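Thanks for passing this one along.

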Amino acid sequence: MPKLSDHDERRGQILAALLRIAASRGLHAASMRTVAAEAGVSVSTVQYYFHSKEQLLFAGLRHQAEMVGRRVAGSMPTGAGRDGVRAWLVQIIPVDVEQRAAYTVFAAYHALALTDPALAELSYSRYSRDLEALLGDLLRAAQRAGEVSDECDVEAEAVNLLALATGLADGVMAAMRTPEAALALLDYQLDRLFAGAQRPASARSTERCDTPEVASMS
């Protein structure tokens with residue numbers, strides 16, 4: 001009887017094949033048969049691990065999100081703060097081959113979710129909400145540490161930062177700007193957000209967080 005590790009390895013092999021297809025040809029090209037051919041296994045093997053295409057797609061999205069999480073965890077700076085927030089947002093912007101492939105995969109899921117209510121409700125949108133919540137937690141911790149102004153609505157800032165990073169990623173993929181220019185715009189916004197706590201208290205009490213309309217530039 002195959003060991004559990006063998007099952008995990010084979011399952012990962014199939015999911016990796018699915019993601020390669022999604023990155024190169026789009027999810028519309030990912031059938032049980034094409035995934036099996038890409039993975040070098042039989043269709044029945046794919047069906048053994050994933051009983052339906054929908055189940056396979058859901059598992060692929062979870063697998064991609066977990067890979068991004070591991071990549072962030074491997075580069076996460078100590079103390080979180082601004083650098084911790086940036087570490088997560090940078091993963092969205094396609095600055096290298098791996099992140100470009102990840103962007104393409106997530107974009108393929110987004111396109112499919114527009115016409116697949118089950119994917120949108122059960123899986124795709126959940127990961128965006130989870131990332132918003134994680135960014136909110138990091139900003140809240142930074143606020144307690146005095147790195148972000150007490151006047152800031154950290155939940156709103158988390159949503160805005162995620163939207164900004166997504167818009168900048170779209171711009172990079174569309175060749176509207178270079179990855180370096182996108183990162184500079186992201187840093188510009190983070191500098192403004194994290195500099196807010198350093199302004200005089202009298203100024204902070206009469207202002208909302210400085211939030212330039214950078215996202216519209218993407």
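1. Let me start with Glu155. It counts as partly exposed, at 44% relative accessibility; here buried means under 20% relative accessible area, exposed over 50%, and partly exposed in between (1.4 Å probe, protein chains only). Glu155 forms a salt bridge with Arg140, and the closest N and O atoms are 2.3 Å apart. By salt bridge I mean a side-chain nitrogen of Lys or Arg within 4 Å of a carboxyl oxygen of Asp or Glu. Glu155 sits in helix H8 and Arg140 in helix H7, so the pair ties together parts that are 15 residues apart in sequence. Arg140 is partly exposed too, at 27% relative accessibility.

2. A word on what we are looking at. This is a predicted model, in which local features need pLDDT of at least 70 and side-chain atom pairs count only at pLDDT 80 or more, while totals for chains, interfaces and linings use all residues. Residues are numbered from 1 along each chain as its sequence is written, and side-chain values use heavy atoms, with hydrogens and water left out.

3. The overall architecture is quickly told. The chain has 10 helices and zero strands, and its pattern along the sequence reads α-α-α-α-α-α-α-α-α-α. Helices (H or I, at least four residues) and strands (E, at least two) are DSSP runs, numbered from the N terminus. Of the 218 residues in the chain, 44% are buried.

4. Asp153 is found in the loop between H7 and helix H8 (154-173), and it counts as partly exposed at 45% relative accessibility. Asp153 and Gly136 are 17 residues apart in sequence, with 9.3 Å between their C-alpha atoms.

5. How many salt bridges does the structure hold? There are nine. One of them joins the side chains of Arg71 and Asp96 (2.6 Å, N to O). This pair links distant parts of the chain, with Arg71 in helix H4 (residues 53-75) and Asp96 in the loop between helix H5 (81-90) and helix H6 (97-113), 25 residues apart. Both ends are partly exposed: Arg71 has a relative accessible area of 23%, and Asp96 has 31% relative accessibility.

6. The side chains of Arg82 and Asp187 also meet in a salt bridge (3.2 Å, N to O). Here too distant parts of the chain are linked, since Arg82 belongs to helix H5 and Asp187 to helix H9, 105 residues apart. Asp187 counts as buried, at 18% relative accessibility.

7. Arg129 lies in helix H7 (residues 117-144) and is partly exposed, with a relative accessible area of 45%. The C-alpha atoms of Arg129 and Val159 are separated by 9.0 Å, although the two residues are 30 apart along the chain.

8. His28 is placed in the loop between helix H1 (4-24) and helix H2 (32-39), and it is exposed, with a relative accessible area of 71%. Its side chain reaches the backbone oxygen of Arg25 at 3.2 Å. His28 and Ala108 are 80 residues apart in sequence and 8.6 Å apart in space, C-alpha to C-alpha.

9. Finally, a backbone detail to check. Ala175 has a positive phi of about 60° although it is not a glycine. Most residues other than glycine have a negative phi. Ala175 is found in the loop between H8 and helix H9 (179-195), and it is exposed, with a relative accessible area of 67%.

How values were computed
Polar contact = N/O pair within 3.5 Å; in protein donor to acceptor, adjacent residues only side chain to side chain.
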